[in-house]
Each structure stands twice: as structure tokens, then as C-alpha cells.
Amino acid sequence: MTPDLASYDRILVAFSGGKDSLACLLHLLELGVPREKIELHHHDVDGREGSTLMDWPCTRAYCRAVALAFGVPLYFSWKVGGFEREMLRDGTATAPTRFEVPGGEVRESGGRGQPGKRLMFPQVTANLSQRWCSAYLKIDVCASAIRGQDRFTGRRTLVVTGERAEESAARARYEVFEPHRADRREGRTARHVDQWRPVHGWAEREVWAIIERWLVNVHPAYRCGFGRVSCARCIFGSPNQWASVRVVDPAAFETVAAYERRFGKTIQRKLNVVQLADKGTPYAMNERDLRAARSETFDEHVFLTGATWKLPAGAFGDSCGPT
């Protein structure tokens with residue numbers, strides 16, 4: 001179903017920089033949604049206070065370039081300390097969330113919960129309480145950013161996300177349209193917030209088709225052969241992905257391996273990441289795409305021509321992700 005898009009004051013696209021969230025943005029534009037109603041929200045998995053362990057170095061700059069090219073605002077949000085701080089919790093509360101607001105101010109909320117302990121990687125499962133990276137570093141961060149801003153009070157807001165049924169049996173059961181977790185329709189600070197998954201029923205070929213129609217230059221990780229780009233070192237990674245990660249960023253790969261040794265627990269149940277990488281074969285990556293993926297800048301054109309746009313190596317390939 002397509003909700004009454006004209007009834008919303010703002011439409012927020014949870015924008016990872018990946019193909020599915022890009023398709024959501026393009027689909028909204030093809031449906032005639034005015035650009036002044038749309039804003040992109042990107043959640044930094046690693047936060048801003050620590051090292052880059054899970055994010056692609058180029059992602060933040062790529063998201064900025066896309067937002068600028070389409071003339072829509074982009075807001076960043078993150079959990080303080082990001083993935084590493086959450087993973088290393090040992091008798092401490094989960095960190096607060098920081099989020100950008102119009103005008104450039106950064107606000108903070110949360111961080112006053114009960115002490116807890118992790119000292120392990122997220123589990124490879126569909127259960128979000130165990131696969132805490134999605135829940136704590138993306139889903140909850142988005143909700144906190146909405147709850148923490150008066151501009152959503154007394155307004156109708158639509159949150160658009162790019163989960164697709166084709167990705168997994170668990171995602172196939174997601175509702176296409178439902179109240180968002182930040183929804184609160186009663187009381188003095190009431191806000192109406194819905195969530196819509198417009199590409200939920202799309203096949204991957206439809207995602208690439210809309211990107212080709214708009215001739216958008218995709219995230220460099222796709223050109224390197226990766227089928228998913230949300231996290232560079234995804235816990236669901238296949239042997240080929242881990243072998244490729246070891247080529248792209250050997251230092252980050254070794255940091256992950258060192259944490260496995262420190263915790264005495266592997267990310268995947270049977271093999272550690274070194275064993276997984278040893279079983280795999282790295283993708284055939286050229287130096288230009290590797291430089292782009294490793295860079296903290298994105299200096300390429302966002303819009304290509306029909307002669308230069310081509311399906312990236314990662315399309316329809318190895319895209320291990322949430323079950």
C-alpha cells in the first residue's frame with residue numbers, strides 16, 4: 001500500500017547510503033513528493049568519538065554528496081562512542097544518543113539507563129535483542145532523534161526505511177506500514193509518526209532499475225563487489241566478504257580478530273574471522289574503487305550519463321545480511 005503522502009508534514013528517509021534506501025528516495029521523487037518535504041537521516045554506526053571499525057570511511061561523504069545533489073537536507077545521528085563503546089560495556093549504561101537538528105546544533109538524549117555488560121559482538125540472529133547493532137545503533141538512534149525534537153510535536157511524520165522481503169524470511173514478515181516506535185498520539189507532546197517500507201515487495205532487479213533510471217553513482221563498496229554496504233565488516237559476512245575486508249582494510253580486520261580473541265567468542269559460531277577469510281576468495285577490486293571506498297571524501301559525480309552508468313560488481317552477488 002501507498003499511504004497518503006500529501007498528508008505528512010515531513011518524510012524522513014533512513015539513508016544508509018546503500019541501494020535500498022537510495023531506491024526509497026528515488027521512489028518518493030517518482031511519486032511526486034516535493035523535495036522540501038523530504039529529509040535524509042543517516043545513523044553513524046561508529047559514532048564520532050572513537051575509531052572507524054564498522055563503517056565504510058567513504059559513507060558519510062557519499063551521503064552528503066547525494067543529499068546535496070538532490071537538494072534535500074541530511075541529518076546525522078549516532079550513539080556516543082558507537083559500536084565499540086556499546087560492545088565494550090562492562091557494568092555501564094548504554095551511551096546517550098547525539099543528533100543534528102536544523103541549524104547545525106547537535107543535541108543529546110538518553111544515557112541514564114541501567115548498567116549492563118556485553119563484551120561480545122552482536123549475535124548472528126534475527127532477534128534484535130541479541131543482534132543489538134541494528135537495534136541500539138540504528139533503530140533506537142532514529143527514534144531518539146525524533147523524540148528529542150519539538151519540530152515533530154503536533155505534526156504528521158512518515159519514516160521511510162528500505163527493508164525488503166526478498167532479503168530474508170524474517171524481513172518478509174515485516175509490516176509494510178505501521179506506527180513508528182517514536183509515535184505518540186496523545187498528550188501534550190503528541191506526535192503522529194508512521195513507518196513505511198515502500199520497497200518491501202521489490203526484487204533486487206527493481207532496485208537497480210530505478211537507480212539506473214536516475215543514473216545515480218552508487219556507493220563505492222558496490223563497485224568493489226560487496227552486495228551490502230551498511231557495515232563494512234558485517235557480522236553476517238560470508239568467507240568471500242571477510243577475505244575482501246582483509247584486503248580493503250587489514251588494520252580494521254585485525255582489530256575485529258583481536259576482539260574475538262579477547263572475548264573468547266567468535267562472531268560466527270563455528271569459525272573466527274581469520275578462518276572465514278582463509279576459506280574465501282577476495283573480490284576482484286581495482287585500485288580506483290579501493291581508493292574511493294577507503295577515502296573519507298567523495299569527489300565523484302553523483303549523476304552519471306547513460307554511457308558511464310553500469311551495474312556494479314556487487315549487484316545480485318554475495319549480499320549476506322540480516323536473517
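Colleague: What sits over the ring of Tyr75?
Modeller: The charged end of Arg151, at 5.2 Å from the ring centre. To count, NZ of Lys or CZ of Arg must be within 6 Å of the ring centre and within 35 degrees of the ring normal.

Colleague: And what lies over the face of Trp78?
Modeller: Arg48, at 4.4 Å from the ring centre.

Colleague: What kind of model is this?
Modeller: A predicted one, where local features need pLDDT of at least 70, side-chain atom pairs count only at pLDDT 80 or more, and totals for chains, interfaces and linings use all residues. Residues are numbered from 1 along each chain as its sequence is written, and side-chain values use heavy atoms, with hydrogens and water left out.

Colleague: On to ring pairs. How many aromatic pairs are there?
Modeller: The structure holds 12. Rings of Phe, Tyr and Trp (its six-membered ring) pair if their centres lie within 6.5 Å; planes under 30 degrees apart are stacked, over 60 edge-to-face, the rest tilted.

Colleague: Why is the pair of Tyr62 and Phe298 edge-to-face?
Modeller: Because their planes stand at 90 degrees, with the ring centres 5.1 Å apart.

Colleague: Where in the chain are Tyr62 and Phe298?
Modeller: Tyr62 is in helix α2 (residues 59–70) and Phe298 is in the segment after α11 (287–294), so far along that 236 residues separate the two. Helices here are DSSP runs of H or I, at least four residues, and strands are E runs of at least two, numbered from the N terminus.

Colleague: Buried or exposed, those two?
Modeller: Both Tyr62 and Phe298 are buried, meaning under 20% relative accessible area; exposed is over 50% and partly exposed in between (1.4 Å probe, protein chains only).

Colleague: What about Phe70 and Phe303, how do they pair?
Modeller: Edge-to-face, with 65 degrees between the planes and 5.0 Å from centre to centre. Phe70 lies in α2 and Phe303 in the segment after α11, so this pair ties together parts 233 residues apart in sequence. Phe70 is buried at 2% relative accessible area, whereas Phe303 is partly exposed at 37%.

Colleague: Which residues form one aromatic cluster?
Modeller: Phe83, Phe121, Trp132, Tyr259 and Phe263.
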